[in-house]
Amino acid sequence: AAFFGAVARGNPVVDSFEGELRRVLGDLRRLRGAGEAKPPQHDRHRHGANTLFNIWIKYKPRLPEWYYNERLVKVGDTLAQIKEYKLAVLQCYGRYLQQFVSGNLDDVMEDVHCFKSTFFPNGFRDKNAMLTFRALQARSVCIYQMVCSSDRNLQNQESLQTCLNVLTSLRLIMQVALPQENLCWFIYNGTIHIYTICRHLMMMGQSAKVLEYLLWASVCMESSIPLLSVHYLTWRATLYTAVSQCYFDCQAGIHGEIFARRGLIKIDELKQLENDSSREYTETQKIFREATLKMAVMIFKRSVYESRKKLKSSRHESKANPRKAVNPSWPRNPTEQLLVEMFDCAAAQFLAILEALSDSSRNLLPPHPPVPDEIKICTVISELFSAGLEILSGNSFKKENTFVITAGEEGISGDAAVKFVKLAFSYEEWDVFDSALELVVIFLQAQDDPRWKKAEIELKLLTLMQPLVFPEKFGRSFSVSNDNSKEASTLQGSEKTQTTSSECCSESLKHEDPFHDLMILATTMLSCVSTSEQDVHPDKELIVDVVMCLWQKCKTDLQQIQTSGSDCLEYIHKHKAYQCVHIIWIINEIIEKSRIGIADTNVMFVEIILCLSAILENVADS
């Protein structure tokens, strides 16, 4: 009692210690909220870090060891919550773990026996074991967050390797903790951290390197008895889906389907146990239904193509036209027949279509049709788009940002609808793109949430790029608003221009300004990134794609202007290249305002800036 009384409220040392901690954490929280762009704030941040360092040194000999250690870890958790990851690692988690090893902590993470003997010399029943597990896991997560803060796109090889090292550390920590049933919550949190990091790396094209870690996370969920309950089934199915997706990304679709079928077996085993216990709840049935749906979608992702390949047919399969279906009632073709057989609601069918069309190796830009090496595959893709458009035309959209549709609900999520439109653009399914765009834009324009405004802006940019990336097929009419610096240019005609004579079309194009569509796109993008509402800015990837498109279209003319030297102004006047120079100026403004030149080490950005500088110098000398 006297021992605990030594740290009770009213103890002057404890009160002083806690008061100083509150003040420094409050200062750091306010600084984080205000941002750290100005030098005076950097100084204040450094002062806060030094103050925290001095607090630990000052009070360590004056407080009980157990209390001091608990506060180290808890303050680290607080710092991590306010995104002070480096401080949390150096001043809290690292300081706590230094009592076990004075050298490089990462050296101890290479061998499980060395790891156990170093951090748990008294076994896992020791009173400090739980705290040590917390510090080890939190330190790893903070290191990953530090990488994200400095190199989100993992463009440096060192950043990627650090992320892989963090995954290895998390796996080792969980391996040691797994036999301890009372640490099931720790295992659960560990699977969440592994999944989060792996999904990030998958988006960066590193699926082959993270597959083993996602497999490990799945096995952990199956190996911990408390985590085998229905309560955790939704998360377990999410991990199964990520593993299958990894296999598909690695061009090993057969293994992705096999793992999804394995997941179905595991889900069915748990369902049998629930039935045996005679506990049937509506919520439980819903959980099983959603988990089964996730697995079925991954199975459909491969089956829809493989089933068509196996059909013995020598006849040529024509490309489906979604606007002129011969049979208006479902199922109209083998793809829709499989959808009906595997999924019992439109929402689930739409999700399966999105997954079947999604391909990690395919970027939004430049758009391109599937490789025509397999006629049947091209036909399946067209049938998938046709089915998706049919579902989209007959369903209302939901505002919830749900990737997996809740079982039994017919509504399609707004995010799923937007993704479908983008996929149609990527595959050059222009009829589907135009039709789906009309439906989705009506929904987006009726919403007030910034994320829907962002989606509307991104679709508008794709529409403006359509005649630029595929000029042979599309002719569009645009007009620029009077104030391009504030308002986006508006698209006047969204429907494909119908002409009965190719000669007439060619003649009209001769008189059109070649930079007209480029100027519309450039001024629209500039207005999008100039707004102070950061949450409505287009994704960085789309901004880069637009800049690249503009640059490639103007590059040749700009280089000729650049090489004209002292005759620069004469050349610009003679060839009427004013708009070309204006566009590169706008491109430079886009790069600066969106800060993509800082976030991405792209040679193209350097080339653009150097080209503009050279032209301006030539103009000055002319």
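Biologist: Where does the charged end of Arg362 sit?
Modeller: The charged end of Arg362 is over the ring of Tyr427, 3.7 Å from its centre. A charge sits over a ring if NZ of Lys or CZ of Arg is within 6 Å of the ring centre and within 35 degrees of the ring normal.

Biologist: And Lys301, which ring does that lie over?
Modeller: Lys301 lies over the face of Phe248, at 5.3 Å from the ring centre.

Biologist: What kind of model is this?
Modeller: This is a predicted model, where local features need pLDDT of at least 70, side-chain atom pairs count only at pLDDT 80 or more, and totals for chains, interfaces and linings use all residues. Residues are numbered from 1 along each chain as its sequence is written, and side-chain values use heavy atoms, with hydrogens and water left out.

Biologist: How many aromatic pairs are in the whole structure?
Modeller: The search finds 26 aromatic pairs. Rings of Phe, Tyr and Trp (its six-membered ring) pair if their centres lie within 6.5 Å; planes under 30 degrees apart count as stacked, over 60 as edge-to-face and the rest as tilted. Phe100 and Phe119 form an edge-to-face pair, 5.7 Å centre to centre with 65 degrees between the planes.

Biologist: What does that pair tie together?
Modeller: Phe100 is in the loop between α5 (85–97) and α6 (112–119) and Phe119 is in helix α6, so the pair ties together parts 19 residues apart in sequence. Helices are DSSP runs (H or I, at least four residues), numbered from the N terminus.

Biologist: Phe119, buried or exposed?
Modeller: Phe119 is buried, at 2% relative accessibility, while Phe100 is partly exposed at 23%. Buried means under 20% relative accessible area, exposed over 50%, partly exposed in between (1.4 Å probe, protein chains only).

Biologist: Which residues have the most contacts inside the largest nonpolar core?
Modeller: Leu79 and Phe119 do, in a core of 97 residues. A nonpolar core is a set of buried Ala, Val, Leu, Ile, Met, Phe, Trp, Tyr and Cys residues joined through side-chain atoms within 4.5 Å. Apart from that core lies another, of 92 residues, including Ala348 and Met604.

Biologist: New topic: how far apart are the end C-alpha atoms of helix α10?
Modeller: They are 24 Å apart, which agrees with the 24 Å that its 17 residues (207–223) should span at 1.5 Å a residue. The expected span is 1.5 Å times one less than the number of residues.

Biologist: Which residues of α10 are buried?
Modeller: Among them are Ser207, Leu211, Trp216 and Glu222.

Technical notes
Helices (H or I, at least four residues) and strands (E, at least two) are DSSP runs, numbered from the N terminus.
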